[in-house]
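Subject: Handover of a structure

Dear colleague,

Please find the structure below, passed to you for your further use. My findings follow directly after it.

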Amino acid sequence: MKKGLLLFSFVLGISLSYVNAQIIQVSSHLKISALSRGFTGELGEDDFFGGGLTDAGDINGDGYLDLIVGTRHDNENGFNRGAVWVLFMDSLQQIIGQQKINETNGNFTGSLSNEGVFGTDIANLGDLDGDGVNDFAIGASSSSTQGYRQGEVWILFLNSDGTVKENREILSDPK
Ligand SMILES: [Ca+2]
Ligand SMILES: [Ca+2]
Ligand SMILES: [Ca+2]
């Protein structure tokens, strides 16, 4: 009887350890959405937040890594024109600041097209212009600004507050 109880306790102990390990594993992941971790940006249904993202390096120079996250189906200025968010993090990976970039936010001066899905892909290019702030390539893979769904890529030179210092467009321009 005692032996059986001991065995039961042993198995229960292993099971609980397993459960604890699972809980610890899950709790080590961070969820960033409109509901948690300090991100207060407004997301809409079908925005695809996180469809594209990149390690942005330290944009604001506070010593902590920042993120750029795409919402390629953002509808703010037209159906699925897209947007990207610069998210500033602290030592606990909480979002302490954010800057949206699209036609009406973040000093972006380009034109996006409906269904252009700006933010599909995001790449950190390093500091192209040597001003101490990393610069980025942003894909808008269904952009029709040139021809139906030809797509385009934007190079964004950023300021340390996450706004755009200069944007350049890469398009096909055959001669
Ligand atoms: Ca930072
Ligand atoms: Ca949408
Ligand atoms: Ca730069």
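Arg 149 is found in the loop between E6 and E7. The model is a predicted one, and in it Arg 149 has a positive phi of about 55° although the residue is not a glycine. Arg 149 counts as partly exposed because 13 other C-beta atoms lie within 10 Å, where the buried class would require 20 or more and the exposed class 12 or fewer.

Strand E6 covers residues 135-140 and strand E7 residues 152-158; they run antiparallel and are joined by 6 bridges. Within this pairing, Asp 135 stands opposite Phe 157 of E7.

Both strands belong to an open sheet of 4 strands, in the order E5-E6-E7-E8, with antiparallel pairing. At its edges are strand E5 (118-126) and strand E8 (164-170), each of which pairs on one side only. Neighbouring strands of this sheet are turned by 25° against each other on average, with direction ignored.

Glu 115, located in the loop between E4 and E5, has a phi near 65°, a positive value in a residue other than glycine. Glu 115 is partly exposed, since 18 other C-beta atoms are found within 10 Å.

As 7 of the 7 residues of E3 are buried, the strand is largely enclosed by the rest of the structure.

The pairing of E3 can be described on both sides. With strand E2 (residues 66-71), E3 pairs in the antiparallel sense over 6 bridges, and Val 69 stands opposite Trp 85 in E3. Strand E3 (residues 83-89) also pairs with E4 in the antiparallel sense, again over 6 bridges. Here the bridge partner of Val 84 in E4 is Ile 101, and that of Val 86 is Gln 99. The hairpin of E3 and E4 has 5 residues between the strands, and in this hairpin Gln 93 takes a positive phi near 60°.

Why does Ile 95 count as buried? The reason is that Ile 95 has 20 C-beta neighbours inside 10 Å, and the threshold for a buried residue is 20 or more. Leaving aside neighbours within four places in sequence, Ile 95 is in contact with Leu 87, Phe 88 and Met 89, as well as with Ile 32, Arg 37, Gly 38 and Phe 39. With regard to Gly 38, the C-alpha atoms of this residue and Ile 95 are separated by 4.7 Å, although the two are 57 residues apart along the chain.

Yours sincerely

Technical notes. Residues numbered from 1 in each chain as written. Chains lettered and ligands numbered in written order. Predicted model: local features only at pLDDT ≥ 70, side-chain atom pairs only at ≥ 80, totals over all residues. Pairing = 2+ DSSP bridges. Helix = DSSP H or I, 4+ residues; strand = E, 2+ residues; numbered from the N terminus. Axes fitted to C-alpha atoms, helices over the stretch in contact; angles between N-to-C directions. Contact = placed C-beta atoms within 7 Å.
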